[in-house]
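Could you keep the model open beside this note and follow along point by point? Each numbered paragraph takes up one topic.

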Amino acid sequence: MKFLADENIGLQVVSSLHNSGFNIKSVLQIRPGIPDAQILSLANQEKRILITSDKDFGELVYSGKLAHHGIILLRLKKDSSQSKIKILHQFLHQYSTKLYKAFTVVTETTVRIRMP
């Protein structure tokens, strides 16, 4: 399973996931500053699941009807890199088989997975 981290995820989080064996790239390293629709397109081209904290991707997918290979929307009260790392490691190990083509919202206490 491959992932693309939006700019708001941060390089420390990307590095931690990469060091744990996840195939992950960051928009910050590839093309910083590109619009959300292009981020989604890039993820689609490489068949990557997008990890983001940006609610605008819900709008693009549900209202704009843009295709995706999966989106993980982090809605964390504590938005630190350490908090993201902890939550993502736990979440990805538990739910990795259910993420392809799903729109998933992750908080500190809940996981909502919506299939197309």
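The points below go from the sheet to the helices and then to a few single residues.

1. Before we start, please note that this is a predicted model, in which local features need pLDDT of at least 70 and side-chain atom pairs count only at pLDDT 80 or more, while totals for chains, interfaces and linings use all residues. Residues are numbered from 1 along each chain as its sequence is written, and side-chain values use heavy atoms, with hydrogens and water left out.

2. Let us begin with the sheet. Six strands form an open sheet with mixed pairing, in the order E2-E1-E3-E4-E5-E6. The names come from DSSP runs, numbered from the N terminus: helices are H or I runs of at least four residues, and strands are E runs of at least two. Two strands pair if DSSP finds at least two bridges between them. From one strand to the next, the twist averages 20 degrees.

3. Which strands stand at the edges? They are E2 (23-26) and E6. Each has a single partner strand, so one side of each is left without a neighbour in the sheet.

4. Now look at the E2 end. Strand E1 (residues 2-5) runs parallel to E2, and four bridges join them. Phe 3 stands opposite Ile 24 in E2, and Leu 4 has Lys 25 as its bridge partner there. E2 itself has a covered face, with Ile 24 and Ser 26, and an uncovered one, with Asn 23 and Lys 25. E1, H1 and E2 make a right-handed β-α-β unit; a crossover is right-handed if, with the strands pointing away from the viewer, the path from the first strand over the helix to the second runs clockwise.

5. With strand E4 (residues 71-74), E5 pairs in the parallel sense over four bridges, and Ile 72 stands opposite Thr 104. With strand E6 (residues 111-114), E5 runs antiparallel, again over four bridges. Here Val 105 stands opposite Arg 112, and Val 106 stands opposite Val 111. A hairpin joins E5 to E6 through four residues. E4, H5 and E5 make a left-handed β-α-β unit, so do compare that with the unit in point 4.

6. Which way do the residues of E5 point? Phe 103 and Val 105 point one way, and Thr 104 and Val 106 the other way. All of them are buried, where buried means under 20% relative accessible area, exposed over 50%, and partly exposed in between (1.4 Å probe, protein chains only). In a regular strand the side chains alternate between the two faces of the sheet.

7. Two helices to find on the sheet are H1 and H4. H1 packs on the sheet and touches E1, E2 and strand E3 (49-52), with a direction that makes about 160 degrees with that of E2. Helix H4 (residues 56-63) also packs on the sheet, touching E3, E4, E5 and E6, and its direction makes about 155 degrees with that of E5. Contact means heavy atoms within 4.5 Å.

8. Next comes a helix pair. The axes of H1 (residues 11-19) and H5 (residues 81-95) come within 9 Å and cross at roughly 35 degrees. Axes are lines fitted to C-alpha atoms, for helices over the stretch in contact, and angles run from 0 to 180 degrees between N-to-C directions. The crossing is right-handed, meaning that the near helix is turned clockwise from the far one by less than a right angle. From H1, the contact uses Gln 12, Val 13, Ser 16 and Leu 17; the H5 side includes Ile 85, Leu 88 and Leu 92.

9. Stay on H5 for a moment and find Ser 83, which lies in that helix. Is Ser 83 buried or exposed? Ser 83 counts as buried because its relative accessibility is 12%. Leaving aside residues up to four places away in sequence, Ser 83 touches Leu 76 and Lys 78.

10. Finally, two lysines deserve a look. Most residues other than glycine have a negative phi. Lys 47 has a positive phi, near 55 degrees, and sits in the loop between helix H3 (36-45) and E3. Lys 47 is exposed because its relative accessible area is 53%. Lys 101, in the loop between H5 and E5, has a positive phi near 70 degrees. At 33% relative accessibility, Lys 101 counts as partly exposed.
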